Amino acid sequence: MSILDETYTLSNDVEVPKLGLGTWFIDDDKAADAVRAAVQIGYRNIDTAQAYGNERGVGEGVRTSRVPRDELFISTKLAAEIKDYDQALAAIDGSLEKLGLDRVDLMLIHSPQPWDDFRGGDYAQGNREAWRALEEAHRAGKIRSIGVSNFQQHDLENILEGASVVPHVNQLLVHAGNTPSELLAYCESKRILVEAYSPIAHGAILKNAEVQAMAKKYGVSVPQLCIRYTLQLGTVSLPKTANPEHMRSNAEVDFEISRDDMDVLRELRDVDYGEHSAFPVYSGK
């Protein structure tokens, strides 16, 4: 059995494939081809967002993939700037329309703050409003599971105060060199599944000599080691690529990292995101 056939089960009994395809930075006009290629290779978990500007292309890829819709797990995200119930409801319907789907399997609040004020002001009330809209769409059957992204513990506690549904998922920046162990443990205690985006550190980890040496020891590539690491942490791994060769090799992770090596990777704190430090999630806030 390949990793592409393995799943986690959310707290509401919905199954999520352990390895997915991230589509950040894949242009809308190339997204359909990327999704079709991934599905042909065996991927069943496709992740997009309103902010990526490619929901139309992702939806086209899903609809023309020749795999029954029920076999695919499609996620999208509510734009980080939407902190209002009515706007959130409208945006949820907007995503379904762009995707050309009558439902999605997971929808997340993309960030607890708008991107231009990431880790800044107080949006507690706005997040509760957006969450109420997601809960309503979930009850209506438009979304099979709901969650958040980039939420710290206090952001989650704010949602939990008034929630009728505990978030099923928290999608976080998790990779060797950035392992938020306390937050991972907190999510686990609340039965919130963590999805790891940028498991290859947006490429920053490729130059790390210690990681290179460890990959060599296991006879795998650095990306394969990094993806396997996030899987062994118990997270969904969402490497992003439009390259079918990379999709294939990213799924060839049928090996086991030893406990000692997992500890080494967990303790790594050496990542320079270079030009990508301009993005809020990599800025170190």
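I'll go through the sheet, the core and then the aromatic contacts. One caveat before that: this is a predicted model.

Start with the sheet. It is open and has eight strands, in the order E3-E4-E5-E6-E7-E8-E9-E10, with parallel pairing. At the edges are strand E3, residues 21–22, and strand E10, residues 236–238, and each of these pairs on one side only.

As an example of the pairing, take strand E6, residues 106–109, and strand E7, residues 146–149. They run parallel and are joined over three bridges. Met107 is the residue standing opposite Ile146 in E7. Against this part of the sheet packs helix H4, residues 124–139, which touches strand E5 (73–78) as well as E6 and E7. The direction of H4 makes about 150° with that of E7.

Now the core. In general, nonpolar side chains in soluble globular proteins tend to be buried together. Here, the largest nonpolar core has 95 residues. Which of its members touch the most others? They are Leu78, Ile205, Leu225 and Leu265. For Leu265, setting aside neighbours within four places in sequence, the contacts are Ala176, Gly177, Thr179, Val211, Met214, Leu225, Tyr229 and Ile257.

On to the aromatics. There are eight aromatic pairs in the structure. One of them is Trp24 with Phe25: the ring centres are 4.6 Å apart and the planes are at 20°, so the pair counts as stacked. How accessible are the two partners? Trp24 has a relative accessible area of 19%, and the cut-off for buried is under 20%, so Trp24 is buried. Phe25, at 46%, is partly exposed.

Trp24 also pairs with Tyr282. Their centres are 6.2 Å apart and their planes are at 25°; stacking requires planes under 30 degrees apart, so this pair is stacked too. Tyr282 is buried, at 3% relative accessible area. Where in the chain do Trp24 and Tyr282 sit? Trp24 is in the loop between E3 and helix H1 (28–41), while Tyr282 is in the segment after helix H10 (259–267). The two are 258 residues apart, and the pair links distant parts of the chain.

Both pairs belong to one aromatic cluster, formed by Trp24, Phe25, Tyr52, Tyr273, Phe279 and Tyr282.

Last item, a charge and a ring. Arg132 lies over the face of Tyr85, at 4.0 Å from the ring centre.

That's what I have. Questions, please.

Technical notes:
Residues numbered from 1 in each chain as written. Predicted model: local features only at pLDDT ≥ 70, side-chain atom pairs only at ≥ 80, totals over all residues. Heavy atoms only, no water. Pairing = 2+ DSSP bridges. Helix = DSSP H or I, 4+ residues; strand = E, 2+ residues; numbered from the N terminus. Contact = heavy atoms within 4.5 Å. Axes fitted to C-alpha atoms, helices over the stretch in contact; angles between N-to-C directions. Core = buried A, V, L, I, M, F, W, Y, C linked by side-chain atoms within 4.5 Å. Buried < 20%, exposed > 50% of the residue type's maximum accessible area, 1.4 Å probe, protein only. Phe/Tyr/Trp six-rings, centres within 6.5 Å; stacked < 30°, edge-to-face > 60°. Lys NZ or Arg CZ within 6 Å of the ring centre and 35° of its normal.
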